[in-house]
Amino acid sequence: MRVWFFSMRQVLWWVFACLALGIFLGSGEIPFLPVSGGNTPLGISGRTIVIDAGHGGIDPGAVSAQGVLEKDVTLAISQELEYLLKRAAVYVVMVRRGDYDLADSSEVNLLNRKRQDLSRRVQIAEQAQADLYISIHANYFPSPIWSGAQTFYFEGSGQGEHLAKTLQTELVRHLGPNHRLARPGDFRVLRDTSMPAAMVEVGFLSNPREAALLSQTSYQKQVAAAIFSGILRYYGR
Ligand SMILES: [Zn+2]
């Protein structure tokens, strides 16, 4: 009995000592725990995302009545989006960084230039083995009454459709009321890319109010933030 009593005290002492040591070591380790992990966009860090700024160079895309060029709007928003994604440790591949298209300078036929340009955009994404392809464009319609951002995906693309729908939700949430829905669209950059891809039509250059907004840096940043938020949500954050 005496031996048993003594060993019990010994056990209790060790239990107490281990607990004390654990608390001590634990408190020492707390600063090294990822306490701010909840704010880190882990879902997108390390991904490769292609940003395709629509048009460029000889191809201005849509032109508003006030002279706002689609190619300028798409590039500005793409650069803002690049900044946000890089801050979240995403590897960004920009299809273009300036006012040019991707066709050979010797190619003078406009239709051939466009074909070459689009196939090279796809090629860049495939070579980069990108995780996501985001194409940025602005809309235009003969009537000036239509407005609102809208996303497109390739029919039957599954993940592309999910991406476009998630982006659409965030565009509406960030940019104000808009009853538009993500729609299927047979665009080459959506059809020929093997990774989930979506096209964002950031608004209508045929609508004077939206064209004016789209030419402002503050609004371009808002659009980029909405797309960024959509990408975060797509990756489940
Ligand atoms: Zn366009």
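Predicted model: local features only at pLDDT ≥ 70, side-chain atom pairs only at ≥ 80, totals over all residues.
Because eight of the eight residues of β3 are buried, the strand is largely enclosed by the rest of the structure.

Strands β1, β3 and β6 are part of an open sheet of six strands with the order β2-β1-β3-β6-β4-β5 and mixed pairing. The edges of the sheet are formed by β2 (91–94) and β5, each of which pairs on one side only. Helix α2 lies across β1, β2, β3 and β6 (197–204), and its direction makes an angle of about 145° with β3.

Helix α2 (residues 70–87) also packs with helix α7 (residues 217–234), at an angle of about 50° and with the axes 8 Å apart. The two helices are therefore oblique to each other, and their crossing is right-handed. On the α2 side, the contact is made by Ala76, Ile77, Glu80, Leu81, Leu84 and Leu85; on the α7 side, it is made by Gln220, Lys221, Val223, Ala224, Ala225, Ile227 and Phe228.

The chain as a whole contains seven helices and six strands. From the N terminus on, these elements follow the order α-β-α-β-α-β-β-α-β-α-β-α-α. Of the 237 residues, 37% count as buried. When contacts between residues at least 6 apart in sequence are considered, 78% join residues at least 24 apart.

Most residues other than glycine have a negative phi. His55, however, has a positive phi of about 65° although it is not a glycine. His55 is placed in the loop between β1 and α2, and it is buried because 24 other C-beta atoms lie within 10 Å, against a threshold of 20 or more. Ala89 also has a positive phi, near 65°, as a residue other than glycine. The place of Ala89 is in the loop between α2 and β2. With 13 other C-beta atoms within 10 Å, Ala89 is partly exposed.

A further loop position is that of Leu181, between α4 (159–175) and β5 (183–184). Leu181 has 12 other C-beta atoms within 10 Å and is therefore exposed, since a count of 12 or fewer defines that class. The C-alpha atom of Leu181 is separated by 9.2 Å from that of Ala149, a residue 32 positions away along the chain.

Methods: Residues numbered from 1 in each chain as written. Helix = DSSP H or I, 4+ residues; strand = E, 2+ residues; numbered from the N terminus. Axes fitted to C-alpha atoms, helices over the stretch in contact; angles between N-to-C directions. Parallel < 35°, antiparallel > 145°, perpendicular 65-115°, else oblique. Left-handed = near helix turned anticlockwise from the far one by under 90°. Contact = placed C-beta atoms within 7 Å. Pairing = 2+ DSSP bridges.
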